[in-house]
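Please have the sequence and the structure open while I talk.

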Amino acid sequence: MPSEQKEFEFPSAQAAGACAKSLSNDLGKAFEKRAKSAINTNKNLVLLKVVAEDEQALRASIGSFSRLIAMCGKIAFTEE
């Protein structure tokens, strides 16, 4: 099974935690059929891990969550 991990840097641990918490509602839902995602934090980093059945599902999940995390980052860096 293909998998990938990515890290996203935020201006503070609080901002990273807020982003991870806001996206945690989308994890483990019924629509995650071909890919499973996990989001964690480590200080000011948001850590995304995706395990998928195939490469196409992996790319789709990575792309979707990356866009959402990037949007959180833009808001966090604007407010800091």
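Predicted model: local features only at pLDDT ≥ 70, side-chain atom pairs only at ≥ 80, totals over all residues.

Let me begin with a question: which side chains meet in a salt bridge at 3.5 Å, N to O? They are those of R59 and E55, where a salt bridge is a side-chain nitrogen of Lys or Arg within 4 Å of a carboxyl oxygen of Asp or Glu. Both residues sit in helix α2, four residues apart, which is about one turn of the helix; helices here are DSSP runs of H or I with at least four residues, strands are runs of E with at least two, and both are numbered from the N terminus.

Residues are numbered from 1 along each chain as its sequence is written, and side-chain values use heavy atoms, with hydrogens and water left out. The average pLDDT of the protein is 91, and 94% of the residues score at least 70, pLDDT being the predictor's confidence in each residue on a scale from 0 to 100.

The structure holds three salt bridges, and another of them pairs E4 with R59, at 2.8 Å from N to O. This pair links distant parts of the chain, with E4 in strand β1 and R59 in helix α2, 55 residues apart. How exposed are the partners? E4 counts as partly exposed at 22% relative accessibility, and so does R59 at 44%; the terms are buried for under 20% relative accessible area, exposed for over 50%, and partly exposed in between, with a 1.4 Å probe and protein chains only. E55 is partly exposed as well, with a relative accessible area of 45%. Salt bridges that share partners join E4, E55 and R59 into one network.

There is also a salt bridge between D54 and R34, whose closest N and O atoms are 2.8 Å apart. It links distant parts of the chain too, since D54 is in the loop between β3 and α2 and R34 in the loop between α1 and β2, 20 residues apart. D54 is partly exposed at 26%, and R34 is partly exposed at 39%.

Now to helix α1, residues 13-23, where A15, A16, C19, A20 and L23 are buried. Seen down the axis of α1, these buried residues fall within an arc of 130°, so they line one face of the helix; the arc is that of the directions from the helix axis to the C-beta atoms. On the other side of α1, Q14 and K21 are exposed.

C19 brings me to the cysteines. C19 is buried at 2% relative accessibility, and C72 is buried with a relative accessible area of 18%.

In helix α2 we also find F65, which counts as buried at 8% relative accessibility. F65 and F10 are 55 residues apart in sequence and 15 Å apart in space, C-alpha to C-alpha.

Turning to the surface, L68, M71 and I75 form a nonpolar patch with about 260 Å² of accessible area together. Patches are made of residues with over 30% relative accessible area and no salt bridge, like charges being joined within 9 Å and nonpolar side chains (Val, Leu, Ile, Met, Phe, Trp, Tyr) within 5 Å; accessible areas come from the Shrake-Rupley method with a 1.4 Å probe, and for residues only the protein chains shown count as cover. M71 lies in helix α2, residues 55-79, and is partly exposed at 47% relative accessibility.

One backbone detail remains. Most residues other than glycine have a negative phi. K43, although not a glycine, has a positive phi of about 60°. K43 lies in the loop between β2 (35-42) and β3 (45-52), and counts as exposed at 66% relative accessibility.
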